[in-house]
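Hi,

Here is the structure we talked about. My notes on cavities, pockets, core and aromatic rings follow below it.

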Amino acid sequence: MSLNYIWSGFFLVGFAAAIIQWLFMGDTEIFKKIIDGTFESARLGVMDIALPLAGVMTLWLGIMNIGEKAGAIGWLAKIISPFFSRIFPEVPKDHPATGHMVMNFSANLLGLDNAATPFGLKAMESLQSLNPNKDTASNAQIMFLVLHTSGLTLIPLAIMAQRAILGAADPSDIFIPCMIATYAATITGIIAVGIRQRLNLFDPVLLAWIGGMTAAIAGLIWYFTAFLTREQIEVVSKVASNLILISIIAAFIIGALVKKVNVYEAFIEGAKGGIQTSLTVIPYLVGMLVAISVLRNAGVFGLVMDGFNWVFNALGLRTDFVPSLPTALMKPFSGSGSRAMMIDAMKTYGPDSFVGRLACIFQGSADTTFYIVALYFGSVGIRKTRYAISAGLIADLAGVLTAIAVAYVFFG
């Protein structure tokens, strides 16, 4: 029911905001702007997201099927099962869903969004096979979705590239702050969901895995900053990410050939579900994107910014971070919208300004919660999201607060 109220609230709040601007601010174009935005968002959901997704899904579901036939997905599940059995206790040991989730998280870590989405949808489908209530999100599905929305990425390559385009003196200077913020969001997501699901968060195995991942990320940050230049960081990240991905494809194919699997038939068998999955999510995507568009075009975010400014000024607090907040507010709703906000902040204040850098850290601190809920839960027909959205937003908030703190430490 939470999604029902949230979706309805987007329209009603947007309508109320539009009425206020028409009556009190004399904006006679506000209603046209909102309606034009709904048409554009509906087109975007189908033509720019769902249809391109069909091609990507067709490719990667085929590759995933080869990996399953080769036994690679099962092998991944065995490797990660000690950790996942603690945070996904409902998922049987060595279940394919574990391998699918590992592939999704790995692609996200490498910043490979095109591969991460098909892997994630396949993982959600596998988890749905274990779900006794098909229209209600299971505990495992909620944990998976919240971890995904926390957006843990090792190297924010797209953000660094955009900073370079806009003339930043050191495009990679937001690398460490982004890493810290997104890791804080991920850990917060695990804790928030773990508390709701009454998991033993002090389990020695769980603590050992989290400690190991923390040490690995800290070591990577140290290596990149101590031994690589800005140009080398960008080159290494590009080469490593794509090399790992093509290596996975090659390993799947080699493993399947060794097992005497008809690789091409396995690919076709898996790929057949790509188009159907993309068609299934269209209503969910269009519904969410249009609702978000109404909220955005009604000027709600601008009104919220004015409110933040007033509150912080009244409390005598610093307000130099407020101009970057539109990126943070937009991020849970729309990746493209938050990217536009980030670019606008850098153009307005400069890529090396405090506001410009903080906007970049916001962009890299988490993922698009509402879009992911619509896409992933919609792909398997889940309508009752339980506490998935609230837990995802808690992780987002942790990322935002951490981003502000590290921005002051590094650039304040």
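The largest share of the largest cavity's lining, three residues, comes from α3. The helix label is a DSSP run (H or I, at least four residues), numbered from the N terminus. A cavity here is a set of points on a 1 Å grid, over the protein atoms alone, where a 1.4 Å probe fits but cannot get out; lining residues have an atom within 4 Å of a point. The model is predicted: local features need pLDDT of at least 70, side-chain atom pairs count only at pLDDT 80 or more, and totals for chains, interfaces and linings use all residues. Residues are numbered from 1 along each chain as its sequence is written, and side-chain values use heavy atoms, with hydrogens and water left out.

The whole-structure search finds one cavity of 30 Å³ or more. The largest cavity has a volume of about 40 Å³, the volume being the space filled by probe spheres set on the points, which are joined across faces, edges and corners. Its lining includes Ser 81, Phe 84, Phe 88 and Lys 93. By class the lining divides into four nonpolar (Ala, Val, Leu, Ile, Met, Phe, Trp, Tyr, Cys, Pro), three polar (the others, Gly among them) and two charged (Asp, Glu, Lys, Arg).

Next, the second largest pocket. A pocket is an open set with protein on both sides within 12 Å along at least five of seven lines. The volume of this one is about 740 Å³. Of its 28 lining residues, Ile 80, Phe 105, Ser 106, Leu 109 and Met 213 are the closest to the centre. Again α3 gives the largest share, seven residues. The lining has 25 nonpolar, three polar and no charged residues.

Last, the rings. There are 18 aromatic pairs, meaning Phe, Tyr or Trp (six-membered ring) centres within 6.5 Å, with planes under 30 degrees apart stacked, over 60 edge-to-face and the rest tilted. Trp 22 and Phe 31 are edge-to-face, at 5.7 Å and 70°. Phe 308 and Phe 312 have centres 5.8 Å apart and planes at 5°, so that pair is stacked.

Best wishes

How values were computed
Helix = DSSP H or I, 4+ residues; strand = E, 2+ residues; numbered from the N terminus.
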